[in-house]
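Hi,

Here is the structure I said I would pass on. Have a look at it first, and then read my notes below.

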Amino acid sequence: MEVRHIFVGIDLGDKNSVARIAVDREKSERIGFVNNRHGRARLFGEVKRRAEQAGGAEIVMAYEASACGFVLRDEAEAMKIGCWVLAPTKMEKSVEQRKQKNDDRDADDVLEKLRGHVLAGNRLPTVWVPDQQTRDDRELIRTRLELAEKQTQVKSQIQMLLKRHGLEKPSGLGAGWTVRYRRWLDALTESAPLGWGASHGLASLLRQLCSIEGEIERIQESVEQLAGEPRHKPIIEELTKECGVGLLTAMIYRTEIGYAGRFRRGRQVGKFVGLTPTSHESGQQNDRKGHISRQGPPRLRKMLCQASWVHVCHDAGARRIYQQLVSRNPKKKKIAIVAVMRRLAVRLWHRMRKVELELAVA
């Protein structure tokens with residue numbers, strides 16, 4: 001007996017969402033729902049009702065990964081409904097589709113991808129879904145990174161305020177945000193060079209900076225505690241053996257990669273991180289390499305970039321690669337450091353994979 005299917009393609013929004021539902025090869029129908037617990041329950045109820053009407057058809061649904069996370073997928077799996085999360089960067093779209101983008105069309109594109117996979121065996125561009133523990137660990141590390149970004153932003157605001165009022169850092173205060181420099185800034189909030197409004201604005205920014213720095217210290221303790229957990233400690237100890245990789249860098253890599261065994265080779269790691277060049281090929285004689293794809297988590301690339309500059313200084317192999325590329329064209333230092341970043345990402349993957357295999361055997 002032929003198995004019937006209920007296909008559900010979803011365009012998941014922060015609030016309003018759209019689902020396109022179709023039975024086997026029939027034309028799809030639109031259902032709008034709010035992306036909250038009640039709205040998703042209404043969607044599941046409608047899909048199950050249609051499955052019963054179709055004689056117990058199998059339900060399969062999919063949606064593109066987004067900032068909304070995997071809540072819909074978890075709820076669907078809990079109700080024994082198959083649900084895939086697709087990679088937006090791998091959803092092939094025509095020029096017309098990119099220009100005429102709307103929620104209904106996006107949901108229909110997901111539905112057709114899903115239908116082609118189930119009925120014809122076409123490739124489905126799914127993403128790896130981390131377990132709940134990995135997602136929870138990511139929240140802490142990402143919060144730590146967001147605090148660092150806020151700190152940088154507030155420091156830039158302070159420097160621009162001084163620049164707008166023609167104030168320059170006096171000599172003898174040292175380089176960077178030294179204690180003497182901070183004392184000078186505190187003194188400006190009560191001295192004549194700044195007006196009443198500017199002095200109060202500077203005082204507010206300094207209070208914000210102090211609060212953020214205090215929060216960074218507190219959450220850094222939590223990061224160190226997490227790094228000492230049995231599920232992380234062996235891997236972090238191995239990753240930090242690489243020159244230029246500290247505890248925070250290792251934790252970012254560990255949580256963003258999640259499970260190194262999901263990659264079969266180093267080339268896949270470079271592609272996941274977004275450090276492989278794009279290709280524009282037309283025939284055998286015209287294969288032009290473009291900029292890196294920049295796919296994958298940006299925070300991981302940023303971390304690799306910062307670590308790679310230290311890696312170049314202390315690792316002979318990385319320094320040789322960097323110098324060779326720069327010697328060919330001194331203007332292409334960015335290309336050289338990207339090559340080092342890709343190499344570092346693969347080396348870390350090998351280290352992480354080795355520990356995973358050792359733990360599996362033990």
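Contact, as I use the word here, means heavy atoms within 4.5 Å. Keep in mind that this is a predicted model.

With that cut-off, let me start at Pro193. Setting aside its neighbours within four places in sequence, Pro193 is in contact with Leu167 and Leu188. Pro193 sits in the loop between α6 (179-188) and α7. His165 is 28 residues from Pro193 in sequence, and the C-alpha to C-alpha distance between the two is 8.3 Å.

Now the inside. The largest nonpolar core has 32 residues, and the ones that touch the most other members are Tyr253, Leu300 and Leu304. Several helices give two or more residues to this core: α5 (132-164), α7 (196-227), α8 (233-239), α9 (247-257), α10 (266-273), α11 (298-314) and α13 (333-361). The largest share is that of α13, with eight residues.

How do α12 and α13 run relative to each other, roughly parallel or roughly antiparallel? Helix α12 (residues 316-328) packs on α13 at an angle of about 150°, with the axes 8 Å apart. Angles over 145 degrees count as roughly antiparallel, so that is what α12 and α13 are. Their crossing is right-handed. On the α12 side the contact is made by Gly317, Ala318, Ile321, Tyr322, Leu325 and Val326, and on the α13 side by Lys333, Ile335, Ala336, Ile337, Ala339, Val340 and Arg343. By class, that contact has 10 nonpolar residues, one polar and two charged.

The other pair is α1 (residues 37-53) and α2 (residues 71-78), whose axes come within 11 Å and cross at roughly 45°. That angle makes α1 oblique to α2. The crossing of α1 and α2 is right-handed. Arg37, Arg40 and Phe44 of α1 meet Val71, Leu72, Glu75 and Ala76 of α2 in this contact. Here the classes come out as four nonpolar, no polar and three charged residues.

That's what I have for now.

Cheers

Note on methods: Residues are numbered from 1 along each chain as its sequence is written. This is a predicted model: local features need pLDDT of at least 70, side-chain atom pairs count only at pLDDT 80 or more; totals for chains, interfaces and linings use all residues. Side-chain values use heavy atoms; hydrogens and water are left out. A nonpolar core is a set of buried Ala, Val, Leu, Ile, Met, Phe, Trp, Tyr and Cys residues joined through side-chain atoms within 4.5 Å. Buried means under 20% relative accessible area, exposed over 50%, partly exposed in between (1.4 Å probe, protein chains only). Helices (H or I, at least four residues) and strands (E, at least two) are DSSP runs, numbered from the N terminus. Axes are lines fitted to C-alpha atoms, for helices over the stretch in contact, and angles run from 0 to 180 degrees between N-to-C directions. Angles under 35 degrees count as roughly parallel, over 145 as roughly antiparallel, 65 to 115 as roughly perpendicular and the rest as oblique. A crossing is left-handed if the near helix is turned anticlockwise from the far one by less than a right angle, and right-handed if clockwise. Ala, Val, Leu, Ile, Met, Phe, Trp, Tyr, Cys and Pro count as nonpolar, Asp, Glu, Lys and Arg as charged, and the others, Gly among them, as polar.
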